[in-house]
Amino acid sequence: YRTWRQIWVAAATAERELGLSISAKQIRALERAADEEIDLKTVARYERDLRHDVMAHIHAFGDAAPEARGVIHLGLTSMDVVDNADLLLMRAALELLQRRMAGVVQTLAKFCEKHADLPTLGFTHLQPAQLTTVGKRATLWLADFVTDLENLARVRAGLRCRGLRGATGTQASFLGLLRSPAKVRQLEQRFAKSLGFDACYPVTGQTYSRKVDVEVLNTLASIAASTHKMCNDVRLLAMLKEIEEPFESKQVGSSAMPYKRNPMRSERATGLARFLITLVTSGYHTLAAQMLERTLDDSSAKRLVMPEAFLTADAIAQLLQNISDGLVVYPHTIAARVAAELPFIASEEILVAAAARGDDRQELHERIRQHAQAAGAQVKQHGKPNDLIERLRGDDAFAGVDFERLLEPKRHTGLAAQQ
């Protein structure tokens, strides 16, 4: 509502500069009243009678600046106030989120660098796969957040002023006041500049296109999706006891099971992320339902959805910063899981090394396959360690193969550390 008053001051100031009979004294009165605390009880009393929120605030603003009462809202319609204010608020909120997400990116980047060459078991289809590194895996999260940060900057830079357009977007009321299309253009340019905008949207109905809100919501929801992916990964890694989110010394993981270290921050973030993603559909419905020059059914949904989306994104960003800043890595657990699966993963290199001596590649492949199946049965059916390497060492077909060299984990991480 303070922003609404800022809009009224900017409009009256521009109108005075273009020759309308508004005095400097009236402008000063509006500026003083705009800086004062708003009497919300008075606003509520007006709104009960008028059933119109903007008109209620016009009357309350007039009470606070009685000498300027007659020039408040001159030529304007409600959306000249509300839509321009919403764009200002979204611009400020996007800037806040840029700072939040820049902090997340910076923190995650340090984590990636610190663990760039720590080998870990990769998973595709949630099944053991080629090795990667802890830092490389975290860059999957980081790259998504970098894209989100770039999108926040792009969307914020693309926001324009709704401008002074009147009841149907034609500027007829301002043309009636100023009697000159050139002066109407000047009025809008001065108004927009005073609010910090370089340009206005080229055409509007009574409102700016709700496609703007859709783009903003999509950007926020994209952060939510990136968050959901990262925090689900953290939850999976916590289950494997490889990486955990921060857990404070007196924190309780479960009321029933004292040993539990539930990843509650990541769970909270994924829950909020799902909520934020669902809000996008409301934005699309609002855009689709804007019949002709404007219908009022966009207002109630928009006033719920846009603030909730920003508040949720803000909460998510703070959770991300907290989680990223305190991730705990357990190298010994990671190494043990790598060691358990590495014999299978290294089998291709073992095959190549043995075949390089001139033996039949297909025969060697079959021998490894049989040994691998037997070793797998040992692990899955009997709960015993993976003994594939011992089996291959005992097979004359693989005599002379340098198993120690081929089982060095960093040989199997490709370009992960450089990436």
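Visitor: Which residues line the largest cavity?

Guide: In this predicted model, the largest cavity has a volume of about 60 Å³. By class, its lining has four nonpolar, three polar and three charged residues. The residues that line the largest cavity are Arg210, Asp213, Leu217, Ser282, Gly283, Thr286, Ala301, Lys302, Val305 and Met306.

Visitor: Which helix gives the most to the lining of the largest cavity?

Guide: H9, helix H10 (264-288) and H11 each supply at least two residues of that lining. With four residues, the helix that gives the most is H11.

Visitor: How many cavities of 30 Å³ or more does the structure hold?

Guide: A probe the size of a water molecule, rolled over the atoms, shows where empty space is left. The largest cavity, at about 60 Å³, is above the cut-off asked about. The number of cavities of 30 Å³ or more is three.

Visitor: Which residues lie nearest the centre of the largest pocket?

Guide: The largest pocket holds about 510 Å³ of space. Helix H5 (78-114) and helix H11 (297-325) each supply at least two residues of its lining. Of the 16 residues in that lining, those nearest the centre are Asp86, Leu89, Arg303, Met306 and Pro307.

Visitor: Which element gives the most to the lining of the second largest pocket?

Guide: Of the 17 residues that line it, the closest to its centre are Gly122, Phe123, Thr124, Arg137 and Asp233. Strand S1 (119-124), strand S2 (127-133), helix H6 (134-158) and helix H9 (211-239) each supply at least two residues of this lining. With five residues, the element that gives the most is H9.

Visitor: Is H1 roughly parallel or antiparallel to H2?

Guide: The axes of helix H1 (residues 2-17) and helix H2 (residues 24-35) come within 9 Å and cross at roughly 170°. Angles over 145 degrees count as roughly antiparallel. Therefore H1 is, relative to H2, roughly antiparallel.

Visitor: Which residues of H2 make the contact with H1?

Guide: The residues of this contact divide into seven nonpolar, one polar and five charged. H1 contributes Arg2, Arg5, Val9, Ala12, Thr13 and Arg16. From H2, the contact is made by Ala24, Ile27, Leu30, Glu31, Ala33, Ala34 and Asp35.

Terms used
Residues numbered from 1 in each chain as written. Predicted model: local features only at pLDDT ≥ 70, side-chain atom pairs only at ≥ 80, totals over all residues. Heavy atoms only, no water. 1 Å grid on protein atoms, 1.4 Å probe; cavity = no way out; pocket = protein on both sides within 12 Å on 5 of 7 lines; lining within 4 Å. Points joined across faces, edges and corners; volume = space filled by probe spheres on them. Axes fitted to C-alpha atoms, helices over the stretch in contact; angles between N-to-C directions. Parallel < 35°, antiparallel > 145°, perpendicular 65-115°, else oblique. Contact = heavy atoms within 4.5 Å. Nonpolar A, V, L, I, M, F, W, Y, C, P; charged D, E, K, R; others polar.
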